[in-house]
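Work through these exercises with the sequence and the model side by side. Try each task before you read its solution.

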Amino acid sequence: MPKKVNLIATSAMGLESVVAKEVKDLGYEDVTVENGRVRYQTDVSGIPRSNLWLRTADRVRLVVGEFQATTFDELFEQTKALPWENFIPEDGSVPVIGKSVKSTLHSVPDCQSIVKKAIVERMKKMYGLASSRIQETGPMYRVEIALHKDTALLTIDTSGSGLHKRGYRTGQGEAPLKETLAAALVQLTNWKPDFPFVDPFCGSGTIPIEAALIGQNIAPGFNREFASEEWDMIPYNLWEDAFNEAEEAANYDQPLDITGFDIDGRLIDIAKENAMEAGLGELITWKQMQVKDFRPQSANGYIVGNPPYGERMGDKEEVEQMYKDFGGIMKDCPSWSVYIITSHPNFEKLYGKEATKKRKLFNGFIKTDYYQYFGKHK
């Protein structure tokens, strides 16, 4: 078992700094932020802890090696020189995926098969295997070869399903927000769990559910499994320790005032089911309601929402009217902070106020702005 491992938490564009803060909050100090990823070094216990706790990362990858490669020979020899046996047992299942950006070696299928062949050669040599193949009957070690400007980065995926798959989603709407982005939207506010929290466009409930998990400090990975739980290199007691740490850190007694509402009653039913599946039971209030009927009843609240963007034909006028109605309501609630993600270019004009701050984010492949209006707390 290696004493130290180098990890990469992959990230959606624009969320790298949020992921980096989460990594540092776990106590890991040697953190480097790059485009679409955050690198850090930990001992092996960092693999279970990172997978359990990172709310905004897409997945956690274990770095095996990195080198320059402009020919298939270089790729083969340098891959073969890496200590794969430190990570993968002789019966490990080793699928290889790949990508190549601005690199001489641009054929991804060729790169994948060369990397696979090199790993097999290394394992046969180190394990003294006589056959031309390896068994691959054991746990999964999904290897990625990522080439960028002729630098080859070889990693093994520790997560399995992407970290956005929390295990609570029983159903969803047409364009569901990824759980990782929803968590980031909450973390980019300065909401604290003792303030009211409302999502007026809640759909299947992702933002309120993520807010409740954050509010009670519940680890987002608590309800699911990870590929690396079956790995020999991580003693199972490290997983048990990580789950126990998460259980002890959760503050189930923290009262919350979180409401999600939506015009679509079918989605409200799905949101309720998702919240139950997340173990949040009656903690969140769900209502079928349209935005123009919303009237905040208390002070110092927070709104975080992902409204319709009006991109479909026929929706535009209705959506623009909704933005205007919403702005009119919130004008009378100066103590409330409002955070809205949308791709609509005229949101501020329709809402009737310039945002205190804006941040560029991607919702899937859609370029959006996150409009942040800071309330004046009473």
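A residue counts as buried under 20% relative accessible area, as exposed over 50%, and as partly exposed in between. Keep in mind that this is a predicted model.

**Exercise 1. Find how lysine 21 and aspartate 25 are paired.**

Solution. Side chains of opposite charge can pair when their charged atoms come close. Then apply it. Lysine 21 and aspartate 25 form a salt bridge, at 2.9 Å from N to O. Both residues sit in helix H1, 4 residues apart, about one turn of the helix. Last, check the surface: both lysine 21 and aspartate 25 are exposed.

**Exercise 2. Compare two further salt bridges, lysine 116 with glutamate 136 and glutamate 210 with arginine 166.**

Solution. Take the pair of lysine 116 and glutamate 136. Their side chains meet at 2.8 Å, N to O. Lysine 116 is in helix H4 (residues 108-127) and glutamate 136 is in the loop between H4 and strand E6, so the pair ties together parts 20 residues apart in sequence. Lysine 116 is partly exposed, at 23% relative accessibility. Glutamate 136 is also partly exposed, with 28%.

Now take glutamate 210 and arginine 166. Their salt bridge is 3.0 Å, N to O. Glutamate 210 belongs to helix H6, and arginine 166 to the loop between strand E7 and helix H5, so this pair ties together parts 44 residues apart in sequence. Both glutamate 210 and arginine 166 are buried.

Salt bridges with shared partners also join Glu34, Arg37, Arg39 and Glu66 into one network. The count for the model is 16 salt bridges.

**Exercise 3. Decide how far helices H2 and H6 are covered.**

Solution. Count for H2, residues 46-53. Buried residues make up 8 of its 8, and the helix is mostly covered. Trp53 and Arg49 are among them. Then ask what they pack against. The partners are strand E1, helix H1, strand E3, strand E4 and helix H7.

The buried ones include Ile207, Ile209 and Leu213. Their cover includes H5, H8 and strands E8, E9, E10 and E11. After H6 comes asparagine 217, whose phi is positive, near 55 degrees.

**Exercise 4. Describe the largest nonpolar core.**

Solution. Begin with the general idea. In soluble globular proteins, nonpolar side chains tend to be buried together. In this model, the largest nonpolar core has 59 residues. Leu185, Phe197, Ile209, Ile303, Phe326 and Met330 touch the most other members. Helix H9 gives the most to this core, with 6 residues. Zoom in on phenylalanine 326. Beyond its neighbours within four places in sequence, its contacts include Pro200, Phe201, Val291 and Tyr351. Another core, of 57 residues, lies apart from the largest one, with Tyr40 and Phe76 among its members.

**Exercise 5. Work out what lines the largest pocket.**

Solution. Start with the volume, about 1300 Å³. Then count the lining: 39 residues. Asp262, Asn306, Pro307, Pro308 and Tyr309 lie nearest the centre of the pocket. Sort the lining by type. It divides into 17 nonpolar, 10 polar and 12 charged residues. Last, trace the helices. H6, H8 and H9 each supply at least two lining residues. H9 has the largest share, 5 residues.

Terms used
Residues are numbered from 1 along each chain as its sequence is written. This is a predicted model: local features need pLDDT of at least 70, side-chain atom pairs count only at pLDDT 80 or more; totals for chains, interfaces and linings use all residues. Side-chain values use heavy atoms; hydrogens and water are left out. On a 1 Å grid over the protein atoms alone, a cavity is a set of points where a 1.4 Å probe fits but cannot get out, and a pocket is an open set with protein on both sides within 12 Å along at least five of seven lines; lining residues have an atom within 4 Å of a point. Grid points are joined across faces, edges and corners, and a volume is the space filled by probe spheres set on the points. Ala, Val, Leu, Ile, Met, Phe, Trp, Tyr, Cys and Pro count as nonpolar, Asp, Glu, Lys and Arg as charged, and the others, Gly among them, as polar. Buried means under 20% relative accessible area, exposed over 50%, partly exposed in between (1.4 Å probe, protein chains only). Contact means heavy atoms within 4.5 Å. A salt bridge is a side-chain nitrogen of Lys or Arg within 4 Å of a carboxyl oxygen of Asp or Glu. A nonpolar core is a set of buried Ala, Val, Leu, Ile, Met, Phe, Trp, Tyr and Cys residues joined through side-chain atoms within 4.5 Å.
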